[in-house]
Amino acid sequence: MLDFAIFAVTFLLALVGAVLYLYPASRQASGIPGITPTEEKDGNLPDIMNSGSLHEFLVNLHERFGPVVSFWFGRRLVVSLGTVDVLKQHINPNKTLDPFETMLKSLLSYQSDENVSENHTRKKLYENGVTDSLQSNFALLLKLSEELLDKWLTYPESQHVPLCQHMLGFAMKSVTQLVMGSAFEDDQEVIRFQKNHGTIIGMFSYFQIWSEIGKGFLDGSLDKNTTRKRQYEDALMQLESILKKIIKERKGRNFSQHVFIDSLVQGKLNDQQILEDTMIFSLASCIITAKLCTWAICFLTTSEEVQKKLYEEIDQVLGKGPVTPEKIEKLRYCRQVLCETVRTAKLTPVSARLQDIEGKIDKFIIPRETLVLYALGVVLQDPSTWPSPYKFDPDRFDDESIMKTFSLLGFSGTQECPELRFAYMVTTVLLSVLVRRLHLLSVEGQVIETKYELVTSSKEEAWITVSKRY
């Protein structure tokens with residue numbers, strides 16, 4: 001993945017753990033507007049916690065101080081960029097840093113490979129692995145989508161469907177089988193994976209990280225919660241054990257079903273590299289796919305006009321014939337719906353980098369080793385870039401300049417991360433199957449509140465109802 005691919009604030013904490021805490025001579029961040037530390041030791045951590053999430057903290061900070069702002073994490077300066085214009089000044093499109101890989105490797109205690117040539121080779125393996133697994137397993141993906149459709153077709157119109165639960169289950173089945181193969185045809189294996197996945201990802205949520213782990217970086221209390229730590233270590237050990245078994249089974253053998261892990265095996269990586277890359281891709285893909293599916297359907301239930309237009313495209317492109325990869329590629333409006341879903345939901349609200357050399361944004365100097373946040377959640381709802389930013393309007397992506405901006409942010413095009421590319425295809429197939437046969441309807445009176453974590457989700461279960469088109 002490239003610079004502006006999806007990147008959780010968890011990486012900020014990994015960076016904090018990786019470099020020395022520095023007290024600059026001045027508490028004024030090189031003239032950058034912002035706030036001074038609330039506490040001498042913790043910096044603005046209490047302000048972040050009181051805001052509810054890092055994203056909500058950054059929204060308030062940028063509203064008060066403008067596109068370039070500063071605050072303090074412990075004794076460390078942090079700069080946040082909150083408009084497309086200032087982000088353009090900081091992006092290096094030639095960098096091939098994999099943000100999810102960097103973040104997850106830090107927290108899983110995996111070794112990071114800094115060899116540029118080897119990183120490029122492994123990036124190509126990732127891309128080929130996604131492409132080949134989707135092509136080879138399109139029929140399987142269609143089958144899983146149709147199984148969910150068949151289930152929903154049995155529901156009376158009055159039945160409330162737990163959308164988050166169903167989308168998580170669908171994502172887990174899709175990702176595990178397309179990434180690791182037939183070992184996950186057994187639902188019990190999928191359930192076991194889902195449980196361990198939840199334990200590990202739970203350690204990465206924004207609130208837990210900032211209020212528990214983040215605090216631990218500052219006062220040494222991280223290891224005191226032995227129960228949580230033991231659960232995490234047990235879950236990781238179980239997943240690694242499963243992966244080691246799968247790697248051994250798939251080495252030196254030919255399978256009719258080419259899955260993601262096969263591309264890594266054929267790429268001559270050693271077993272530890274294969275394990276780490278598969279672990280990272282599967283963890284990230286599950287949560288991104290589940291949330292993208294959930295938010296896409298949520299927005300369709302509240303926008304009758306958009307759902308109607310999507311149905312008309314699906315009906316025109318697919319007709320009465322079977323769903324094929326070639327037809328899926330022609331669903332242009334569906335892709336616009338998914339892009340607008342990512343934007344409106346602020347699917348990944350924060351990304352980050354370490355300033356490796358002194359730099360300049362507008363008139364402000366950013367010192368070397370400053371932690372720089374990309375406030376993507378702020379940028380994605382900036383009215384100067386997105387007219388009527390709170391409106392769900394897929395038609396905005398008809399504009400080529402809008403697509404270029406979206407690509408710049410890492411959500412499309414050449415900078416699109418493999419996990420998101422995987423999620424786009426899985427969600428497209430699912431929507432083509434569901435919308436073709438069903439009206440997706442909202443539950444009257446339901447208000448969906450947002451929780452900003454590693455990937456944005458709803459605070460509570462999102463309920464929908466469905467009715468048959470024919």
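Begin by selecting helix H18 (residues 400-408), in which lysine 404 and glutamate 400 stand 4 residues apart and are therefore separated by about one helical turn. In this predicted model, the side chains of these two residues meet in a salt bridge, at 3.9 Å from N to O, and both lysine 404 and glutamate 400 are exposed.

Within helix H16 (residues 332-345), arginine 343 and glutamate 340 lie 3 residues apart, about one turn of the helix, and the closest N and O atoms of their salt bridge are 2.8 Å apart. Arginine 343 counts as buried, at 0% relative accessibility, and glutamate 340 is likewise buried, at 0%.

Next, select arginine 250 and aspartate 262, whose salt bridge brings the closest N and O atoms to 2.6 Å. Because arginine 250 lies in helix H11 (residues 226-250) and aspartate 262 in helix H12 (residues 260-266), this pair ties together parts that are 12 residues apart in sequence. Arginine 250 is buried at 6% relative accessibility, and aspartate 262 is buried with a relative accessible area of 7%. A search of the whole structure finds 15 salt bridges.

Finally, turn to the strands and display the open sheet, where 3 strands follow the order S3-S11-S8 with antiparallel pairing. Strand S3 (161-162) and strand S8 (438-442) are the edge strands, each pairing on one side only. Selecting S8 together with strand S11 (residues 463-468) shows an antiparallel pairing over 5 bridges, and the bridge partner of leucine 440 is valine 466 in S11.

Notes:
Residues are numbered from 1 along each chain as its sequence is written. This is a predicted model: local features need pLDDT of at least 70, side-chain atom pairs count only at pLDDT 80 or more; totals for chains, interfaces and linings use all residues. Side-chain values use heavy atoms; hydrogens and water are left out. Two strands pair if DSSP finds at least two bridges between them. Helices (H or I, at least four residues) and strands (E, at least two) are DSSP runs, numbered from the N terminus. A salt bridge is a side-chain nitrogen of Lys or Arg within 4 Å of a carboxyl oxygen of Asp or Glu. Buried means under 20% relative accessible area, exposed over 50%, partly exposed in between (1.4 Å probe, protein chains only).
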